[in-house]
Amino acid sequence: MNNRTWARLAAVTAALALTLGACSSSDGDSATGGSTSGDTATDSAAGGDTAAGGDTAADGDTSQGDGATSGYDLNNPPGSETPVELIYWDWAPGIENIVDQWNAKNNGITVTLVTMDGGDPAIAKLLTAIKAGSGAPDIMHSEYQMIPTLVVGDALIDMTEYLDPSVKGQFTDAVWNSVTLGTDAVYAVPGDFGPLAFFYRADKFEEWGLTVPTTWDEYAEVARQVREKDPNAYLGTFSSNDAGWFTGMTQQAGASWWGIKDDSWTVDVNSDATKKVAEYWGGLVEEGAILNTPMYTPEWVAALADGTQVGWLSASWAPSVLISNAPDTQGLWKAAPLPQWDAANPATGTWGGSGTAITAQSEHPAEAAQFISWLNASEEGVKAMAELGQYPAADDLRTKVMTEPPAFMAAQTDYVDLLNQIAGTVNPFTYGPNVNVAYSAYNDEFGKACEQKSQDAFVAAVDTMQSLTLEDLISSGFAVAE
Amino acid sequence: MKTSSQAHGRRDGQRNGRRDRIGWPSTIILLLGAFYCLMPVAWVLMAATKSTAELFGTFTFSPSGNLFTNIANLTDMRDGLFWRWMGNSALYAAVGGGLSTLISAMAGYALAKFNFRGKKLAFNILLVGVLVPGVVLAIPQYLLLAKVGLTNTYWSVLLPSIISPYSVYLARVYAGAAVPTDVIEAGRTDGAHTWRIFRSIAMPMMLPGLITIFLFQFVAIWNNYMLPFIMLGNDQLYPLTVGLSSLVNQGSQYPAMYALVITGALLSIIPLIALFLSLQRYWRVDLAAGAVKA
Amino acid sequence: MTAAQATPSASPPTATPAGTTRRPRKRKRQLWRDLPAWGFLTPVAVLFVLFMVAPIGYALFLSFRTYKTQGLGLGKGARKEVWNGLENYAKALSDPEFLASVGRVLIYGLVLVPTMILLATIFALLLDSRRARLKQFSRVSIFLPYAVPAVISSLMWGFLYLPAVSPFHWLAGRAGVSLPNMVSPNLITFAVANIALWGGVGFNMVVIYTSLKAIPSELYEAAVLDGCTEFQIAVRVKVPIVAPAIIMTLLFSLISTLQVFAEPMTLKPLTNTVPSTWTPLMKIYRDAFVRDDIFSAAASSIVVAFVTFLVSFGFLRLVQGRAFNEDQ
């Protein structure tokens, strides 16, 4: 009880302080921008917590950090005068090591990690906690495609005023766009991302005399050859469980399932690009050139380990999955760019990737922003993330800290350059507020289509997804443009 | 107790002086049933001895030597988190089951042995409660507990687990069958307090049945997935069911967890098997005794 | 559990020593006399109200509400909670996915419940027979799966089903025969039913067996003297006596059938054949936790609860209340 009362009091004080902070920080922005806004944010937070409020912390640490364009040191943020505890929900294995590294700084901001049981349950729990009015963390890890859903659910705050401008500079526009939804607000700081690439068993390719496909036509041809060489082997599978994978595939083909046009949402799931991709995969499944069973099942893991799955269209984080699934195949895999629709204009999509956001129930957004900036946009944080096997979104920092390929891919000396080059070809894509509806429609419709092994069913599934997604948006009252 | 063992003595073929011929068809059907039920457990036992590579590369019914490596890996996982889940499960099931048994015994006793206004209504409402699907309750329970700030705590799993209309129903049956009315009346004429009569006369008589209720409730809480899954966000508070399934969920990014999950599944079954084996004697005798006494 | 009613001499229900409850002037005394009974009931009553009545009421409330969003829905407060009348119910009852899931569960129940109760009764009778051997071992073994949480048993069976990792398919492959794929669309219902059967048959067996044990042996010693075979005794004497226990197990199996959730939910990611709305509860879960539409979920929950009541009471009427109403 005592604690709760205290927390409420603190909340009120903090809220007051923040309103003041917000005003002055927007002033700062319009005037000179840069360091002013960053400092104001930290000052106001410190003031909010200790009625006495000194700003020594904010000014004390000004050692030069890499990537810092202002006085703000991303590696060593000012911290907090009074001890602040932040609750942080994440589910990435190993993330506790990074949190420990932060807490070792002893800068007054203690981050308490709560390990969730996966991305989707975490989102569900956050939305329920928001609805209930309590129980949400301060800091939330979220995959990019769920950010619109969280924003619409009033679960996240616009963290613009708490972020130092140097943070934005770490990211490419395409990545940054996925946390702003194309608006002026910033709902998260990008953490990792997953440009798609083609991973294949170089040893099998050599043994069977196959060439690495550079176009989708070639991919289909190689898939057929694999079936001829070994009737048990497949070049890949179409997974009705992984909507994110299919989305990435259509992103490469130029699709963007949602969009914002004149203050209205647009839904364009069944665009020509998406249909082209569905038709292509439906054809391969129908003729049996590739498998029709989901990824990440025990079967699939078995196939990776015993070498009957000789290719995987996956993302930059693939090596860390492969090493834990099929450790014996280390050194046998190589990466290549995704096969192309138009070889003259190489493109790719993304699968996975996530950012870190501040929830609407946080009483310490300024402190949370310090941690988030360090985690995703400082050299220390990015390095730690890379060591976990994730592929950091912060472009320059990643290039700086990731110079060696991951151990699993050590055989491929040009791996790092290749991935950087692929990362530069990501097509833009906008996610909408009901990704969950579209994705669960994907699971159900493509599940059926995969079972039927019919190309027509694949194409029809896309149309069903379109109508379900559109109807849901309209019935929820969103402004939807035709 | 005495009556029941006599009854058994009379009816049990093996202990009888005149031995019946072995009924092969009956025995074979029973053994088939036993095989069907044991086979997946045996599979888990075998699979838990394998490394990830072996798990997916070899015939799964042939054992390997990695059981202790797997257990060690599981123990290492996040500073022994798995054992914490085990402890949480035991806590939820033991405390929840114990309190549930106690209050169910009280209510069952009242429903069976008192005449009072609203008794029939109370009992019927309770029966309706038996029929309410748990999932209908879980979501609003979460929202209501969140309003008082209790979600994501031990309480959020313990409190809803304590109420079990089914246990009350069972307790009422046991109280009706095992506590003779004249014994209560005798206690009353002696001037004993209602509570004392319950505690020192009725409870001991109902004890065998109460152990059964406790077992039912213990198992129900131990095996419950939905409630803790919805209530808890912090994996330090998870029971085994939610913990293991969260491993599977994370497995969608890091499926090497399969070896850990299977080992965890094996370890999580062991305490309940031990409980069954050690209490099954009570289980049988008690139910029979309760009935015979009635 | 249902042991009591098996015995012909159930004790009379007049438990309290005080007189009958007829006269209004005795009302005060009556209240005073009722106090201990309510005292004993208080803990259960309080928790019952807090954790069953209140949530059901809240679910009812939610089932008439919905979110309305304005514009892009991005700004603060762009989404509001409003009354929605019976719209959520209309949506649930006209939703083909929901109706399909109800249909699926009915088929699943038709497969599972009779099989489970029949097997449980047979096992219980065999355990009670004189001539079967290894009864102790069999009873413990058949009961054992009850100790395995559905989440874990489904994962286990998932491994045993999936052709590429199943030891059965491995053996069959060695022997040159091919086994059907249990997780294919035609067999998935049986695959899920089998998991539930595996987990539930032992429990029901113990319930029926307990009732059998409570039968005084004099009751059928006469039959033995008349020269009835053990089979005849089982069918003509024992089964009718334990009928109330069998009815109870049927009822509870029916209820849990309508609520099937954990088994298909665990199998879902392993295959294409389990859509996210395979059972009504899976749809409720999807609405509430995947689509963030707690209102539709509440309405569907109420519908499911209502159907459960209908089925349960219909069933109890059918068997003329033999199970619950003993000594009322």
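**A helix crossing and its surroundings**

A: Start where two chains meet. Helix α2 of chain B passes helix α5 of chain C in a left-handed crossing. Keep in mind that this is a predicted model. In chain B, α2 covers residues 24-47, and in chain C, α5 covers residues 135-143. The two helices pack at an angle of about 35°. Their axes are 8 Å apart.

Now find the residues. From α2(B) come B:L30, B:L31, B:G33, B:A34, B:C37 and B:L38. Facing them in α5(C) are C:K135, C:F137, C:S138, C:S141 and C:I142. Sorted by class, this contact has 7 nonpolar, 3 polar and 1 charged residues. Look at the spacing along each helix too. An α-helix has 3.6 residues a turn, so residues three or four places apart point the same way.

Zoom out to the whole contact of these two chains. In chain B, 86 residues are in contact with 86 residues of chain C. The chain B side of this contact holds 58 nonpolar, 20 polar and 8 charged residues.

Go back to α5(C) and look at the loop between it and α4 (96-128) of chain C. That loop contains C:L134. The phi of C:L134 is positive, near 55°, and the residue is not a glycine. Is C:L134 buried, exposed or partly exposed? A residue needs 20 or more C-beta neighbours within 10 Å to be buried, and 12 or fewer to be exposed. C:L134 has 14 inside 10 Å, so it counts as partly exposed.

C:D292 sits between α12 (280-290) and α13 (294-318) of chain C. Its phi is also near 55°, again positive in a residue other than glycine. C:D292 counts as buried because it has 27 C-beta neighbours inside 10 Å.

Next, take chain C as a whole. Its domain assignment gives domain 1 (25-63) and domain 2 (87-318). The C-alpha centres of these domains of chain C lie 34 Å apart. Their contact takes 4 residues from domain 1 and 8 residues from domain 2. The domain 1 side of it has 3 nonpolar residues, 1 polar and no charged.

Chain C also touches chain A. Here 28 residues of chain C are in contact with 38 residues of chain A. On the chain C side, β1 (65-69) and α12 are the elements that give two or more residues. That side divides into 14 nonpolar, 8 polar and 6 charged residues.

Finish inside chain A. Helix α8 (residues 173-180) of chain A has the buried residues A:V175, A:S178 and A:V179. Seen down the axis of α8(A), these fall within an arc of 95°, so they line one face of the helix. Their cover includes α6 (147-152), β4 (189-201) and β9 (350-358) of chain A. After α8(A) comes A:L181, with a positive phi near 55°.

Helix α14 (residues 318-325) of chain A is mostly covered, with 7 of its 8 residues buried. Among them are A:P319, A:V321 and A:L322. The cover over the buried residues of α14(A) includes β4, α13 (298-306), β7 (311-315) and β8 (333-337) of chain A.

Key. Residues numbered from 1 in each chain as written. Chains lettered and ligands numbered in written order. Predicted model: local features only at pLDDT ≥ 70, side-chain atom pairs only at ≥ 80, totals over all residues. Axes fitted to C-alpha atoms, helices over the stretch in contact; angles between N-to-C directions. Helix = DSSP H or I, 4+ residues; strand = E, 2+ residues; numbered from the N terminus. Left-handed = near helix turned anticlockwise from the far one by under 90°. Contact = placed C-beta atoms within 7 Å. Nonpolar A, V, L, I, M, F, W, Y, C, P; charged D, E, K, R; others polar. Arc of directions from axis to C-beta. Domains from an automatic or database assignment.
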